[in-house]
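These are my notebook entries on a single structure. I set down what I looked up, in the order in which I looked it up.

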Amino acid sequence: MPCYAIEGVVPVIDPSAYVHPTAVLIGDVIVGPDCYVGPCAVLRGDFGRIVLERGANVQDTCVVHGFPAQDTVVEENGHIGHGAVLHSCIVRRDALVGMNAVVMDEAEVGEASIVAACAFVPAGRKIPARSLAAGMPAKVMRELTEQEIAWKLEGTKTYQALTLRSLASMKEVEPLPAVEPDRPSLDAPDVRPLIATRRG
């Protein structure tokens, strides 16, 4: 994978983590145990430190960066959706940042909170624990239900399982020219979108 030292500071990846070969890690980046870093994610620790704590995931095409002398931290079980941008912020334990959302400098996403897809969390904004924040700029809409918090945790566990699946079986291959007879199916978990929890 593209992994670069700068000024002698080398990224750290726990052996139990999975970092996709197309992700780019630069400098002061610490990827903790059981983490997942998806394809084309960029974690640029060339100014401030980037820390992913146990079980966090940073999905495809995310960008994580920060100012000098400021850490950008995703705490345990933090969940960063496809295409999100984090900059000099803290995502607390069990929180989720939705797809294409942006969390700016010195902002904080509270424990077990959800930042909606495409939301913009301005610099310095503090999202309280167990809250749903949405909009541009993001505002707290309401407190999350126990069902929504459980749904988020289930999704994060799915990514922790993907870490294990990827470590065990992900490999680069040549594509097939046609669909083979009796094509196998993935042993995918039974996880549903959040909207499905409202129907149930």
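I began with burial: of the 200 residues of the protein, 42% count as buried, where buried means under 20% relative accessible area, exposed over 50%, and partly exposed in between (1.4 Å probe, protein chains only). I note that this is a predicted model, in which local features need pLDDT of at least 70 and side-chain atom pairs count only at pLDDT 80 or more, while totals for chains, interfaces and linings use all residues. Residues are numbered from 1 along each chain as its sequence is written, and side-chain values use heavy atoms, with hydrogens and water left out.

Entry on secondary structure. I found 2 helices and 20 strands in the protein; these are DSSP runs, helices (H or I) of at least four residues and strands (E) of at least two, numbered from the N terminus.

Entry on the sheet. I traced an open sheet of 8 strands with mixed pairing, in the order E3-E5-E7-E10-E13-E16-E19-E20; two strands pair if DSSP finds at least two bridges between them. Strand E3 (18-19) and E20 stand at the edges with a single partner strand each, so one side of each has no neighbour in the sheet. Within the sheet, E13 (residues 96-97) and E16 (residues 114-115) run parallel, joined by 2 bridges, and Leu-96 stands opposite Ile-114 in E16.

I found E19 (residues 131-134) and E20 running antiparallel, joined by 4 bridges; Ser-131 has Glu-143 in E20 as its bridge partner. The two strands form a hairpin with 4 residues between them, and Gly-135 in the turn has a positive phi of about 110°. How many of the 5 residues of strand E20 (residues 139-143) are buried? The number is 0, so E20 lies largely in the open.

Entry on Ser-166. Is Ser-166 buried or exposed? Ser-166, in helix H1 (residues 146-169), is buried, with a relative accessible area of 4%. Leaving aside neighbours within four places in sequence, I found Ser-166 in contact (heavy atoms within 4.5 Å) with Tyr-18 and Tyr-36.
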